[in-house]
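Please look through the sequence and the model below before reading on.

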Amino acid sequence: MRVARVHIENFRGIRLADLRFAGTTVLLGDNNTGKSTVFEAIELAIGADRLARSQVIDEHDFFGGAYRGDEEHPAPKIVVEVVIAGLDAQHCERFRNNLEFWRESDGVLIGPGGAAQAAQPGVEPAVRIRFEGEYDQEADEFTAKTWFAVPRNVDDVPTSECRSSDKREFGFLHLRALRTGSRALSMERGSLLDVILRTYEVRTRMWEGLLDRLRVLDVVGEQDPEFGQILTAIRDAMREIVPGEWADAPHLRVSELTREDLRRVLKSFLATGVPGYAAPFQHQGSGTINALVLAMLGLIAQRRAGRVIFAMEEPELSLPPHVQQRVVDKVRGLASQALFTSHSPYVIEQFKPEQMTVVRRDAAGHMSATPVLLPPNLKLKIFRDGFRTRFCEALLARRVLVVEGKTEFVAYSAVSRRAAEIAPAAHKRLDSLGWVPFDAVGDTAVAPFATFFRGLGKTVATIFDQQEPVAKAAIEAASDRAFEQPYPGFEHLLWAEVPIARQRQFVQWLVEQGEWPQALLNVLPSPNSADDAYAAPFFEVLRHKKGNDYLTLFFDQCEIGHLPATIMRILGELRLMVEPPPAPPAPPPPPQLPPLPIPII
């Protein structure tokens, strides 16, 4: 059993999305691309207790906050459809009137009329749950319901409501970042403890008796020498205004509590290591809370024989790398399907490339998702070996800057950082613009990697040394923007564009710091040599230390006038790709001449 497809309309930052999940999946993307919104949408449709909340949706859940209609347009609806495929015999029997069939190979849903195709290979029973939420202007409230997509009446409207008891059969549980652990052992609806009680069909019978005892509990009253004196004075003053039987002394009680109040108030306590003292569970360390969450998830999965779907946001929070990996492995082992979001390379590398899905959202709110399929020139071993150092950050970014080698990888980041430090009003760092450099490890790999990242929906720019026309054309075709450095190598660029006095200062500084390479002692000029004599040592040390941190040391000592013009020009154009200049103001309308007088005949 698994979520096979999710269709979303007008929910939060998503105007339209249609996503497929082959099984266990980790969603990748920059911040604010809508990954968590996808999980929230799934919960709207199949979360067993989501509709039990006092207000399921509000104004901010509608795309762009637009929830009202007008005379020409009806009020917009939030629509979420979730296809759950791979149903077992027990599910098929329970939902026999709601069954459809899912063909995984092409993501096609076959309705009840296509039962003849159900026996074909790769076709499996499924149900489709539809959530609809909208604003009822007459009642001035938001309404929400969930339905099975079939059966439908003659007007093509679903007729079978999907209730909480139905949704519990799917075992969907959304584990939100930070919030799951803090609520795990509370009695609030939807907490892990509440889910476990419902899963094990345990009915708590404590509410009525506890409410009765609390309503008569006098927290403080006349027996208190100070507080009681005030209450008595208030009572005596009231009796001068109203009949005595109306003016009983006020009491401070744990009053006006309801069952829902108690759910929010009651907390579980755990030992703290101090003999005889326990503290609320949310005050425990993050390791203890995460262990608690995993233990409770295990109870849920054990009761349901693994027939559960977990959606977990950022399992890496507050955890060291080895624990992050253990949490992911544990959750995947418990569930029939596990969905994750993450920004941690230690978490993401636990998944196969085809289990990684890159999501993106354009300015109009349209979301798309692309699985990570390695191109023929990228072997799985290279991908895995370089995942933490090369691939992960690029997969999470919106914009990828593919450079041909480590020298450019270091240099462009260092120059952008230094320029922004010196003149923040005029320059920005690459990372603040959303650009992530990627080392292609050779000019022949620039075009293939640009094609790979562009196929994942990234904006891709490339930087490379002088190329033959055919190679240059291939890189340009694979890029949103291509920048050719007009030199045979990066050392030649610095040699030609860095002021000679700055070259001399850097060489002398390396010598003074004891950092000058022993292998290049023979190229050092005599101390009183002219500036020109330091050009060759400057070139040689950059070539000798190719891609080394020497570049960072050098650029950190530069002022704006020392930074190479080619790099500064390319950085400026990269910024314009992200922050285009404002359109010039429209010219003022021409002055209107007064009408000519009409001659009188």
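Leaving aside residues up to four places away in sequence, His7 touches Leu16, Ala17, Asp18, Val79, Val80 and Glu81, where contact means heavy atoms within 4.5 Å. The model is predicted, so local features need pLDDT of at least 70 and side-chain atom pairs count only at pLDDT 80 or more, while totals for chains, interfaces and linings use all residues. Residues are numbered from 1 along each chain as its sequence is written, and side-chain values use heavy atoms, with hydrogens and water left out.

His7 lies in strand 1; helices (H or I, at least four residues) and strands (E, at least two) are DSSP runs, numbered from the N terminus. At 16% relative accessibility, His7 counts as buried, since buried means under 20% relative accessible area, exposed over 50% and partly exposed in between, with a 1.4 Å probe and protein chains only. The side chain of His7 also makes a polar contact of 2.7 Å with the side chain of Glu9; such a contact is a pair of N or O atoms within 3.5 Å, of which, within protein, one must be able to donate a hydrogen and the other to accept it, and residues adjacent in sequence count only if both atoms are side-chain atoms.

The loop between strand 1 (2-11) and strand 2 (14-20) contains Arg12, a residue that has a positive phi of about 50° although it is not a glycine. Arg12 is partly exposed, with a relative accessible area of 28%. Glu40, placed in helix 1 (residues 35-46), touches Arg12 as well as Phe11, Arg50, His174 and Arg176, not counting residues up to four places away in sequence. Glu40 counts as buried because its relative accessibility is 10%.

Another positive phi in a residue other than glycine, near 65°, belongs to Asp156, which is found in the loop between strand 8 and strand 9 (158-161). Asp156 is partly exposed, at a relative accessible area of 49%. Within strand 8 (residues 141-152) lies Pro151, and a cis peptide bond with omega of about 5° joins Val150 to Pro151.

Turning to the rings, the structure holds 21 aromatic pairs, counted for Phe, Tyr and Trp (its six-membered ring) when ring centres lie within 6.5 Å, with planes under 30 degrees apart called stacked, over 60 edge-to-face and the rest tilted. One of them is the tilted pair of Tyr135 and Phe142, at 5.2 Å centre to centre and 50° between the planes, and both of these residues are buried. Phe383, Phe387, Phe391, Phe438, Phe449, Phe452 and Phe453 form one aromatic cluster.

What is the strand order of the open sheet of four strands? The order is 20-19-21-22, with parallel pairing, and two strands pair if DSSP finds at least two bridges between them. Strand 20 (435-439) and strand 22 (481-484) are the edge strands, each pairing on one side only, and the twist averages 20° from one strand to the next. Helix 13 (residues 387-396) packs on the sheet, touching strand 19 and strand 20, and its direction makes about 145° with that of strand 20; axes are lines fitted to C-alpha atoms, for helices over the stretch in contact, and angles run from 0 to 180 degrees between N-to-C directions. Helix 14 (residues 406-422) lies across strand 19, strand 20 and strand 21 (459-464), running at about 160° to strand 20. Strand 19 (residues 399-403) pairs with strand 20 over five bridges in the parallel sense, and Leu401 stands opposite Pro437 in strand 20.
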